[in-house]
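Open the model in your viewer and keep the selection panel at hand. This tour moves from one selection to the next.

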Amino acid sequence: MFKITFFLLLTSCFLVQHLGASNIAFKHTSLDTLITETDSIYEMEDLDIKPQYGEGSNTTLNFLRHIQKTVEYPTLARENSIQGGVKLKFVIEKDGSVGEIVVLETSHKCFTEAAIKSLNLSNKFKPGMINGEPVRSWYSYHTVFKLAN
């Protein structure tokens with residue numbers, strides 16, 4: 001506990017010294033950690049430039065193609081003729097990596113696991129931007145698992 005508190009205090013002093021106290025706001029969480037305003041996660045409609053996946057004009061389609069190529073139909077679902085889907089929401093970090101993943105809807109746990117595994121195989125995104133600066137943002141999508149007849 002002492003090491004964590006010392007690190008947070010040291011980090012806080014550095015931020016205040018180098019960024020100025022007026023440029024940063026701290027919020028206390030239940031874990032007594034410090035979070036700055038720059039850790040906000042923005043919705044798509046709040047971004048000046050939306051995150052992009054790959055090159056070209058339709059990067060959403062690039063992302064969905066990646067998911068389609070990498071997602072594996074779960075063996076349990078295939079063997080039991082289970083179909084369904086999962087809707088995920090995840091954070092695209094400032095560096096373009098996938099951050100926190102939230103399951104919004106799922107019809108079966110095995111679909112959730114397959115969708116998350118595929119998402120974690122993603123290349124980095126170009127992050128969303130506000131005022132020319134990269135920001136953390138939410139991205140959501142739905143994967144449908146359907147067996148061929």
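Predicted model: local features only at pLDDT ≥ 70, side-chain atom pairs only at ≥ 80, totals over all residues.

Residues are numbered from 1 along each chain as its sequence is written, and side-chain values use heavy atoms, with hydrogens and water left out.

Select residues 84-92, strand S4, and residues 98-106, strand S5. Strands here are DSSP runs (E, at least two residues), and helices are runs of H or I with at least four, numbered from the N terminus. S4 and S5 pair antiparallel over six bridges; pairing takes at least two DSSP bridges. Click Lys-89: its bridge partner in S5 is Val-102.

**The core.** Now select Phe-63, Phe-90, Phe-125, Tyr-139 and Tyr-141. These have the most contacts inside the largest nonpolar core, which has 23 residues. Such a core is a set of buried Ala, Val, Leu, Ile, Met, Phe, Trp, Tyr and Cys residues joined through side-chain atoms within 4.5 Å. H2, S4, helix H4 (109-120) and strand S7 (133-145) each supply at least two core residues. H4 gives the most, with five.

**The histidine.** Go to His-66 in helix H2, residues 59-70. Is His-66 buried or exposed? His-66 is buried, at 12% relative accessible area; buried means under 20%, exposed over 50%, partly exposed in between, with a 1.4 Å probe and protein chains only. Beyond four places in sequence, His-66 touches Tyr-53, Ser-118, Leu-121 and Ser-122.

Definitions and conventions
Contact = heavy atoms within 4.5 Å.
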